[in-house]
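Please look through the model shown below. The text after it goes from the whole chain to single residues.

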Amino acid sequence: MSDTTARLPEYDALLDTSGLYCPEPVMLMHNRVRDMAPGEVLQVVATDPATTRDVPKFCQFLGHELMEQHTTDEIYRYFIRLAG
């Protein structure tokens with residue numbers, strides 16, 4: 001079994017929304033990015049499959065870069081570089 005965490009991008013902040021369902025993960029993301037600087041990277045961890053639709057739309061709407069997304073054992077990880 002390979003260790004996928006060794007290949008994950010570096011990040012400045014982590015937001016764990018595990019166990020929460022739409023719309024809570026996106027609401028928490030909005031709050032978290034307000035406290036971050038442009039260019040910083042936020043890792044979001046989620047268990048709600050709806051985030052596979054919601055997180056890319058969140059990034060597109062606000063101009064953030066969705067650098068990577070990974071799914072492992074029903075855990076969704078997103079790496080978002082904040083727009084400047």
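The model is a predicted one. Its protein chain has 2 helices and 4 strands. Read from the N terminus, these elements come in the order β-α-β-α-β-β. The C-alpha atoms of the chain fill a box of roughly 40 × 25 × 20 Å along the principal axes. For 84 residues, a compact globule would have a radius of gyration near 12 Å, and the chain, with 12 Å, agrees with that. Of the 84 residues, 35% are buried. Among the contacts with a separation of 6 or more, 68% are between residues 24 or more positions apart.

Helix 2 comprises residues 51-62. Which residues of helix 2 are buried? They are Thr51, Asp54, Val55, Phe58 and Cys59. These residues cover an arc of only 130° around the axis, so they are on the same side of helix 2. The cover over the buried residues of helix 2 includes helix 1, strand 2 (41-46), strand 3 (65-72) and strand 4. On the face turned away from the buried side, helix 2 carries the exposed residues Lys57, Gln60 and Phe61. Just after helix 2 comes Gly63, which has a positive phi of about 80°.

The next subject is aromatic packing. A pair of aromatic rings is described by two quantities, the distance of the centres and the angle of the planes. The structure holds 1 aromatic pair. Its members are Tyr11 and Phe79, with 6.2 Å from centre to centre and 55° between the planes, and the pair is tilted. An angle over 60 degrees would be needed for edge-to-face and one under 30 degrees for stacked, so the value of 55° falls in the tilted class. Tyr11 lies in the segment before strand 1 (13-16), whereas Phe79 lies in strand 4 (residues 75-81), so the pair ties together parts that are 68 residues apart in sequence. The two residues can also be described by their accessibility. Tyr11 counts as partly exposed because its relative accessibility is 40%, while Phe79 counts as buried at 0%.

The loop between strand 1 and helix 1 (24-34) includes Thr17. Is Thr17 buried or exposed? At 0% relative accessibility, Thr17 counts as buried. Its contacts, leaving aside neighbours within four places in sequence, are with Pro25, Leu28, Val44, Val45 and Ala46. Pro23 is found in the loop between strand 1 and helix 1 as well. The peptide bond that leads from Cys22 to Pro23 is cis, with omega near 10°.

For Cys22, the nearest cysteine sulfur is that of Cys59, 15 Å away. Cys59 is one of the buried residues of helix 2.

Most residues other than glycine have a negative phi, and most peptide bonds are trans. Where is Asp73? Asp73 lies in the loop between strand 3 and strand 4, and its phi is near 50°, a positive value in a residue other than glycine. Glu74 lies in the loop between strand 3 and strand 4 too. The phi of Glu74 is also positive, at about 60°, although Glu74 is not a glycine. Asp73 is exposed, with a relative accessible area of 71%, and Glu74 counts as exposed at 63% relative accessibility.

Key:
Residues are numbered from 1 along each chain as its sequence is written. This is a predicted model: local features need pLDDT of at least 70, side-chain atom pairs count only at pLDDT 80 or more; totals for chains, interfaces and linings use all residues. Side-chain values use heavy atoms; hydrogens and water are left out. Rings of Phe, Tyr and Trp (its six-membered ring) pair if their centres lie within 6.5 Å; planes under 30 degrees apart count as stacked, over 60 as edge-to-face and the rest as tilted. Buried means under 20% relative accessible area, exposed over 50%, partly exposed in between (1.4 Å probe, protein chains only). Contact means heavy atoms within 4.5 Å. The expected span of a helix is 1.5 Å times one less than its number of residues. The arc is that of the directions from the helix axis to the C-beta atoms. A disulfide is a pair of cysteine sulfur atoms within 2.5 Å. The radius of gyration is taken over C-alpha atoms; the globule rule is 2.2 Å times the number of residues to the power 0.38.
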